[in-house]
Amino acid sequence: MAQDLREGILLGLGNPLLDISATVDKDFLIKYNLNSNDAILAQEKHKPMYDELIEFYKADFIAGGSVQNTMRVAQWFLDKPRIATYMGCVGIDKYSKILEDKARADGLNIRYQYTNKESTGTCAVLITGKDRSLCANLAAANCFSPSHINEPENKKLIEIAEYIYVSGFFLTVSPETIQTVAQHAFEKNKIFMMNLSAPFLCEFYKTPMLAALPYVDILFGNETEADTFAKVNNFQTTDRKAIALKITQMEKVNKNRQRIVVITQGSDNILVAKDNTVIEYPAIKLPEEKVVDTNGAGDAFVGGFLAQLVQGKDIEVCIKCGIWAATQIVQRSGCTYEGKPNFTL
């Protein structure tokens with residue numbers, strides 16, 4: 001089926017980052033005032049950390065950035081190059097070359113915007129036991145400008161896409177671009193999807209998030225993001241099923257289809273709010289010794305989901321493929337994989 005898909009049917013926009021992944025101890029997190037299983041943007045006090053990881057720890061370099069990870073995983077399943085297109089901003093340096101080579105090898109159609117103002121963005125992935133703490137120094141990723149999507153070749157790629165996915169992280173960079181592609185998706189009756197991405201976005205980027213939400217056909221998030229979204233938007237409930245339903249009922253401009261909300265809860269059930277009901281899907285619980293690190297699990301889940309969605313599969317198949325993908329990725333370091341996926345229902 002995937003072989004029948006045309007190139008460019010799936011488009012992702014986000015922040016391309018080179019992950020600098022290392023196993024550290026709790027004292028390292030304390031030193032830089034970080035929490036396990038959190039995701040934040042780097043402040044000035046965090047900047048020395050990246051060199052420290054490279055110099056004193058056995059750091060791995062992994063092509064990263066949430067949406068880029070998701071697009072790579074989708075391509076892994078689809079096994080046909082350039083089904084997915086990815087846009088984001090990088091620097092003109094060796095790190096962007098590493099990123100681009102890796103992403104192209106994985107089959108992505110890369111359409112980076114290049115800037116000489118900043119170096120390519122990096123993300124410290126700090127692994128403590130089975131947990132991970134992410135601290136992103138966006139750098140060049142912050143320089144993405146809407147002019148990029150107006151370049152003729154890129155405009156054409158947006159026009160041929162039928163499924164468009166953005167991360168909540170991109171709200172910190174170019175909410176204007178998100179609104180432009182969201183409006184395009186609405187006018188052409190395309191599927192527009194977004195991820196809540198991190199609790200701090202729900203709280204501190206509430207305005208651009210709520211501006212984008214009316215265009216969102218499918219919204220992804222994890223349990224802490226959903227809890228924070230409900231609190232910030234005064235839902236007055238901590239019941240996640242109720243939260244998921246409430247989000248489906250928020251304003252939506254495209255009346256042709258109801259919003260679907262997908263909430264992952266680690267190794268607990270996945271909640272899917274659709275057509276005014278909530279269905280639970282059991283996650284696969286791995287033995288603890290098989291879990292290497294949880295970095296990229298959420299990105300992989302969406303990648304598996306999208307790989308089935310663009311093939312016209314129903315939501316149940318999409319969810320089960322997402323679960324399978326996340327289960328594979330947590331058994332490896334970072335959002336990496338090998339061989340061909342053997343997902344079956």
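Where is the place of Leu 171? Select Leu 171 and look between E9 and helix H7 (175–187): the residue is in the loop that joins them. Keep in mind that this is a predicted model.

**Stop 1: Leu 171**

Is Leu 171 buried or exposed? The relative accessibility is 3%, so Leu 171 counts as buried. Now show the surroundings. Setting aside neighbours within four places in sequence, Leu 171 has contacts with Ile 178, Tyr 205, Pro 208 and Met 209.

**Stop 2: Tyr 165 and Phe 220**

Stay with E9 and select Tyr 165, which belongs to that strand (residues 163–167). What kind of pair do the rings of Tyr 165 and Phe 220 make? Their centres are 6.1 Å apart and their planes are at 85°, so the pair is edge-to-face. Tyr 165 and Phe 220 are both buried.

**Stop 3: the largest cavity**

Move on to H7. Select Ala 182, Ala 185, Phe 186, Lys 190, Phe 192, Tyr 215, Asp 217, Val 253 and Asn 254, which line the largest cavity. How much space lies in the largest cavity? About 40 Å³. There is 1 cavity of 30 Å³ or more. H7 gives the most to this lining, with 3 residues. Colour the lining of the largest cavity by class: 6 residues are nonpolar, 1 is polar and 2 are charged.

**Stop 4: Trp 76 and Tyr 337**

Aromatic pairs number 16 in the structure. For another of them, select Trp 76 and Tyr 337. The ring centres of Trp 76 and Tyr 337 are 4.6 Å apart and the planes are at 20°, so this pair is stacked. Trp 76 is in helix H3 (residues 66–78), while Tyr 337 is in the segment after helix H13 (315–329). The two residues are 261 residues apart, and the pair links distant parts of the chain. Both Trp 76 and Tyr 337 are buried.

Now widen the selection. Which residues do ring pairs link into a cluster here? Show Trp 76, Phe 77, Trp 324, Tyr 337 and Phe 343 together.

**Stop 5: Arg 72**

Step along H3 to Arg 72, which is in this helix. Is Arg 72 buried or exposed? Its relative accessible area is 1%, so Arg 72 is buried. Display the contacts beyond four places in sequence: Ala 63, Lys 102, Asp 106, Leu 108, Cys 335, Thr 336 and Tyr 337. Tyr 337, one of these contacts, is also the stacking partner of Trp 76.

**Stop 6: the second largest pocket**

Select Trp 76, Phe 77, Leu 78, Asp 79, Gln 308, Gln 311, Lys 313, Lys 340, Pro 341, Phe 343, Thr 344 and Leu 345. These residues line the second largest pocket, which holds about 170 Å³ of space. Which element gives the most to the lining of this second largest pocket? H3 does, with 3 residues. By class, the lining of the second largest pocket has 6 nonpolar, 3 polar and 3 charged residues. The lining includes Trp 76, Phe 77 and Phe 343, which also belong to the ring cluster.

**Stop 7: two positive phi values**

Most residues other than glycine have a negative phi. First, select Ala 139, in the loop between strand E8 (131–137) and helix H5 (147–150). Ala 139 is not a glycine, yet its phi is positive, about 45°. With 11% relative accessibility, Ala 139 counts as buried.

Then select Gln 236, in the loop between helix H10 (223–232) and helix H11 (240–248). Gln 236 also has a positive phi, near 60°. At 72% relative accessibility, Gln 236 counts as exposed.

**Stop 8: Phe 235 and Lys 246**

Select Phe 235 and Lys 246. What sits over the ring of Phe 235? The charged end of Lys 246 does, 5.6 Å from the ring centre.

**Stop 9: Val 292**

Finish at Val 292, in the loop between strand E14 (277–281) and helix H12 (297–309). Its relative accessibility is 38%, so Val 292 counts as partly exposed. The C-alpha atoms of Val 292 and Val 330 are separated by 5.8 Å, although the residues are 38 apart along the chain.

Conventions: Residues are numbered from 1 along each chain as its sequence is written. This is a predicted model: local features need pLDDT of at least 70, side-chain atom pairs count only at pLDDT 80 or more; totals for chains, interfaces and linings use all residues. Side-chain values use heavy atoms; hydrogens and water are left out. Rings of Phe, Tyr and Trp (its six-membered ring) pair if their centres lie within 6.5 Å; planes under 30 degrees apart count as stacked, over 60 as edge-to-face and the rest as tilted. Helices (H or I, at least four residues) and strands (E, at least two) are DSSP runs, numbered from the N terminus. Buried means under 20% relative accessible area, exposed over 50%, partly exposed in between (1.4 Å probe, protein chains only). A charge sits over a ring if NZ of Lys or CZ of Arg is within 6 Å of the ring centre and within 35 degrees of the ring normal. On a 1 Å grid over the protein atoms alone, a cavity is a set of points where a 1.4 Å probe fits but cannot get out, and a pocket is an open set with protein on both sides within 12 Å along at least five of seven lines; lining residues have an atom within 4 Å of a point. Grid points are joined across faces, edges and corners, and a volume is the space filled by probe spheres set on the points. Ala, Val, Leu, Ile, Met, Phe, Trp, Tyr, Cys and Pro count as nonpolar, Asp, Glu, Lys and Arg as charged, and the others, Gly among them, as polar. Contact means heavy atoms within 4.5 Å.
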